[in-house]
Amino acid sequence: MPQGKLRRLAGLVAAAVALAPVLVAAAESVTIPNFWNPRARLERPEPPQTTRAIRFITDDEFPPLHFAGPDGNPTGFAVELARAACEKLNLTCTVQARRFDTLLDALSANQGDVVAAAVPLTPALRAGYLATRPYFRWPARFAARTDRGVPEPSVAALAGRSTGAVAGTAHEAYLKAFFRVTPRTFPDLASAEAALRRGEIDYLFADGVSLALWLGGVDAAGCCAFVGGDYLENRYFGEGIGLVTRKEDEVLARALDDALQRLWDEGKYAELYLRFFPVSPF
């Protein structure tokens with residue numbers, strides 16, 4: 001990720017953390033996703049019996065999921081959710097930051113026990129590792145200027161209107177397949193966002209997380225907002241992310257799965273979500 005973009009995102013997330021009490025008070029106006037099926041709860045597993053700390057490894061350059069906090073230590077939604085899961089299981093845990101592209105190799109080399117980072121859940125990942133059920137997914141969303149009064153997206157609504165997308169992305173492909181439009185494409189998301197802000201396009205279809213951070217930041221200048229709902233088709237936007245362990249650590253993986261479910265049930269997931277997502281991507 002370019003350093004300028006990273007600094008902008010980190011600044012937005014830092015502001016969100018400072019506003020946490022306000023965000024909690026406004027919880028009713030923020031959409032909090034639910035990735036758990038209340039009818040699919042498993043029998044509560046026993047946590048692993050260990051006398052040593054469980055070592056979580058993450059990356060510190062991908063806000064709001066994982067980034068370096070003001071004190072230099074890893075924080076973010078994924079990191080704090082992992083810490084909360086440890087507390088729920090009465091385990092002692094540590095969190096160490098590593099370069100993103102080394103995380104799975106470090107896990108395989110027993111240099112950590114759990115990856116708590118935005119590593120996509122894929123068949124290839126599951127062939128070599130265990131993972132919890134997804135605790136986060138990457139929604140695609142439409143954004144539009146608030147002064148245009150455009151209707152919610154549909155095949156009919158997009159016909160005859162200008163829709164933007166980043167070239168070569170799943171979002172461009174999805175628009176062509178399901179909305180039967182050929183979007184105006186841009187080399188990167190910042191260019192597309194700027195075009196929407198200037199009113200050069202009517203809609204922008206892109207990653208909901210990145211759009212949420214932009215909409216809540218100074219660059220958007222209050223120009224725009226989400227319109228319509230979220231899109232979560234696995235084929236285009238992936239299965240999401242979970243906590244990843246080695247295959248031999250099945251007891252730990254099952255315990256973490258149960259802990260994440262309980263964190264949702266008890267409201268801790270919502271508390272952390274509100275802290276790190278001032279504008280919900282859902």
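This is a predicted model: local features need pLDDT of at least 70, side-chain atom pairs count only at pLDDT 80 or more; totals for chains, interfaces and linings use all residues.
## Overall make-up

The protein has 282 residues, and 50% of them are buried. Its secondary structure consists of twelve helices and 13 strands.

Among contacts with a separation of 6 or more, 74% are between residues 24 or more positions apart.

## Helices H3 and H12

Two packed helices are described by the angle between their axes and the distance between the axes. Helix H3 covers residues 77-88 and helix H12 covers residues 268-276; their axes lie 10 Å apart, at an angle of about 155°. Angles over 145 degrees count as roughly antiparallel, so H3 and H12 are roughly antiparallel to each other. Their crossing is right-handed.

On the H3 side, the contact is made by Phe77, Glu80, Leu81 and Ala84. On the H12 side, Lys268, Tyr269, Leu272, Tyr273, Arg275 and Phe276 take part.

## Asp202

Asp202 sits in the loop between helix H8 (189-197) and strand S11 (203-207). Is this residue, Asp202, buried or exposed? Its relative accessible area is 15%. Buried means under 20%, so Asp202 is buried.

The side chain of Asp202 forms a polar contact of 2.9 Å with the side chain of Arg148. Leaving aside residues up to four places away in sequence, Asp202 touches Ala143, Ala144, Arg145, Arg148, Arg161, Ser162 and Leu196.

How values were computed:
Residues are numbered from 1 along each chain as its sequence is written. Side-chain values use heavy atoms; hydrogens and water are left out. Helices (H or I, at least four residues) and strands (E, at least two) are DSSP runs, numbered from the N terminus. Buried means under 20% relative accessible area, exposed over 50%, partly exposed in between (1.4 Å probe, protein chains only). A polar contact is a pair of N or O atoms within 3.5 Å; within protein, one must be able to donate a hydrogen and the other to accept it, and residues adjacent in sequence count only if both atoms are side-chain atoms. Contact means heavy atoms within 4.5 Å. Axes are lines fitted to C-alpha atoms, for helices over the stretch in contact, and angles run from 0 to 180 degrees between N-to-C directions. Angles under 35 degrees count as roughly parallel, over 145 as roughly antiparallel, 65 to 115 as roughly perpendicular and the rest as oblique. A crossing is left-handed if the near helix is turned anticlockwise from the far one by less than a right angle, and right-handed if clockwise.
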